[in-house]
Amino acid sequence: MAERKLLLEHAHDPAYATLDGYLAKGGYAGLKKALAGERQAVIDEIKASGLRGRGGAGFPTWIKWNGITKDKKGPHYLICNADEGEPGTFKDKQLLEQTPFLLVEGMTIAAWATQSDRGYVYIRGEFVDAARALRKAIDQAYAAGYLGKNIQGSGMDFDLYIHLGAGSYECGEESALMSSLMGERGMPRLKFPHVPLPTVAGLWEKPTIINNVETYSCAPFILANGGEEYAKLGASTKNSRGTKLFSVSGHVNKPGNYEIEFGTTLMELLDMAGGMKGGALKACVPGGSSVPIINAEDCGRAVLAYEEMSEVKSMVGSGGCMFLNEHTCIVSFIWRTSLFYANESCGKCTPCREGTKWMEQILRRIVMGNGQPGDVETLKEICSQIDGRSFCGLGDAAAWPVAAALRVFPEEFEFYIKHGRSMVTSGESVAMAPAWQQAVLA
Ligand SMILES: Cc1cc2nc3c(=O)[nH]c(=O)nc-3n(C[C@H](O)[C@H](O)[C@H](O)COP(=O)(O)O)c2cc1C
Ligand code: SF4
């Protein structure tokens with residue numbers, strides 16, 4: 001399959017980031033249809049579309065929207081998760097910079113469906129250009145009556161705010177994000193069934209919807225063209241519908257964001273990205289740094305869809321797809337990944353706070369040539385003690401890549417520990433590490 005552009009169709013036209021340019025390409029047709037009908041009709045269209053959350057977990061969007069009480073007694077809130085902290089993922093950044101009105105319109109449609117009064121776009125602090133582009137779009141939408149009071153004469157009121165984060169990966173976790181937005185430390189909260197879902201008690205304990213940038217950006221197409229039309233895309237898969245953005249990076253000739261129909265194969269995506277650079281394909285981390293790595297053989301049979309990716313023991317995740325060539329040292333690669341998670345652990349729970357540090361320290365000593373017999377077993381044990389036992393998903397996200405690398409490439413770890421050097425790069429992988437990582441090693 002080739003690229004299938006619904007969201008990125010006009011992304012490279014600078015006019016599309018302006019209200020006039022957006023309207024000229026049919027923008028706001030979805031909101032007009034939504035406002036002309038019942039609120040429930042919007043949720044029914046989203047259900048018919050089969051849209052699932054694009055932030056990583058793939059949760060059905062309509063279930064969240066339908067979970068907000070119809071009997072409104074106080075404020076309802078809408079949050080857009082634009083933290084995009086997962087290494088390898090950079091699709092939300094492009095959507096914010098080049099197609100900001102898709103997000104503004106999508107959130108307004110969601111606000112109508114869920115009777116939300118106020119929306120917050122939580123953007124990671126480093127995304128300055130993205131925040132500026134969205135600021136301009138929001139200002140233009142207010143000036144033209146697409147935000148604010150009595151939107152387009154419909155009687156609907158909706159205000160939209162931007163909140164810049166401070167660059168913490170953990171603040172992408174939805175409950176930590178809400179704490180951060182409320183001015184508290186960016187640490188996660190207890191989850192359902194121990195406390196009510198955010199749709200019941202989220203931001204300031206009020207009914208709250210939280211979705212990813214890409215998820216909201218799909219709503220205008222779905223409303224304008226109908227959920228069934230959207231669901232025709234991806235029909236070859238078990239339960240993945242529509243298109244998905246994949247951020248392709250690593251050893252490829254044309255890195256960048258590619259929008260594909262679910263059901264496209266991983267090798268077709270690699271072809272779109274110009275094929276491998278500098279050597280043959282060795283491995284791929286298909287959905288962001290937290291998803292399990294797969295070898296070349298599994299790459300050859302991987303189909304990009306939620307259920308289908310589990311057949312190669314990996315995931316769609318957030319769509320950060322990193323291709324690695326034959327000269328990549330997997331031990332060194334995984335050490336760098338574990339360094340990221342050890343740094344980003346918020347420290348609230350013991351398995352993640354201690355376990356991520358131990359994993360990083362053991363991997364670091366292997367990479368330094370000081371690995372010891374038993375290190376592989378210890379790493380496996382730590383992974384199993386973190387996975388499923390941590391307070392939030394960051395613990396799992398830290399354990400999965402290490403566990404998968406040990407399972408898929410055991411010989412590389414064994415060789416490194418036995419000989420004190422990489423079987424692939426003769427040890428220069430450490431010398432090639434960026435300065436800040438070399439400082440950690442020193
Ligand atoms: C540690 C951690 C970091 C996360 N970071 C992000 C993020 O940067 N962006 C995002 O949309 N979702 C992120 N998520 C997932 C969110 O918690 C949440 O599931 C998502 O925003 C829901 O939106 P969706 O249903 O549209 O995918 C993260 C989850 C975890 C556990
Ligand atoms: S798993 Fe625990 S320590 Fe790690 S980020 Fe979540 S709450 Fe914090």
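## Close-up views of a predicted model

View 1. The structure shown here and in the views below is a predicted model.

**View 2. The contact between domain 1 and domain 2.** The domain assignment divides the protein into domain 1 (14–231), domain 2 (244–325) and domain 3 (330–441). To the contact between domain 1 and domain 2, domain 1 gives 13 residues and domain 2 gives 16 residues. On the side of domain 1 that touches domain 2, there are 2 nonpolar, 6 polar and 5 charged residues. Taken over C-alpha atoms, the centres of these two domains are 27 Å apart.

**View 3. The open sheet of five strands.** The sheet is open and contains 5 strands, ordered β6-β5-β9-β7-β8, with mixed pairing. At its edges stand β6 (256–261) and β8 (294–295); each has a single partner strand, so one side of each lacks a neighbour in the sheet. Strand β5 (residues 243–250) runs antiparallel to β6, and 6 bridges join the two. Within this pairing, valine 248 has glycine 256 of β6 as its bridge partner. In general, strands of a sheet pair through backbone hydrogen bonds, in either a parallel or an antiparallel manner.

**View 4. Helix α18 and its surroundings.** Helix α18 comprises residues 393–408, 16 residues in total, and reaches 22 Å between its first and last C-alpha, close to the 22 Å expected at 1.5 Å a residue. Because 12 of these 16 residues are buried, α18 is largely enclosed by the rest of the structure. Among the buried residues are Leu394, Trp400, Pro401, Val402 and Leu406, together with alanines that include Ala397, Ala398 and Ala399. The cover over the buried residues of α18 includes α15 (330–344), α16 (350–367), α17 (375–386) and α19 (410–419).

**View 5. The shell around ligand 2.** Of the 14 residues around ligand 2, those that come nearest are Cys346, Cys349, Cys352, Ser390 and Cys392. By residue class, the shell consists of 7 nonpolar, 4 polar and 3 charged residues. Helices α16 and α18 each supply at least two residues of this shell. Helix α16 is also among the elements that cover the buried residues of α18.

Terms used: Residues are numbered from 1 along each chain as its sequence is written. Chains are lettered from A and ligands numbered from 1 in the order in which they are written. This is a predicted model: local features need pLDDT of at least 70, side-chain atom pairs count only at pLDDT 80 or more; totals for chains, interfaces and linings use all residues. Domain bounds come from an automatic or database domain assignment. Two residues are in contact if their C-beta atoms, placed from the backbone, lie within 7 Å. Ala, Val, Leu, Ile, Met, Phe, Trp, Tyr, Cys and Pro count as nonpolar, Asp, Glu, Lys and Arg as charged, and the others, Gly among them, as polar. Helices (H or I, at least four residues) and strands (E, at least two) are DSSP runs, numbered from the N terminus. The expected span of a helix is 1.5 Å times one less than its number of residues. A residue is buried if 20 or more other C-beta atoms lie within 10 Å of its own, exposed if 12 or fewer, and partly exposed in between; C-beta atoms are placed from the backbone. A residue is near a molecule or strand if its C-beta atom, placed from the backbone, lies within 6 Å of it. Two strands pair if DSSP finds at least two bridges between them.
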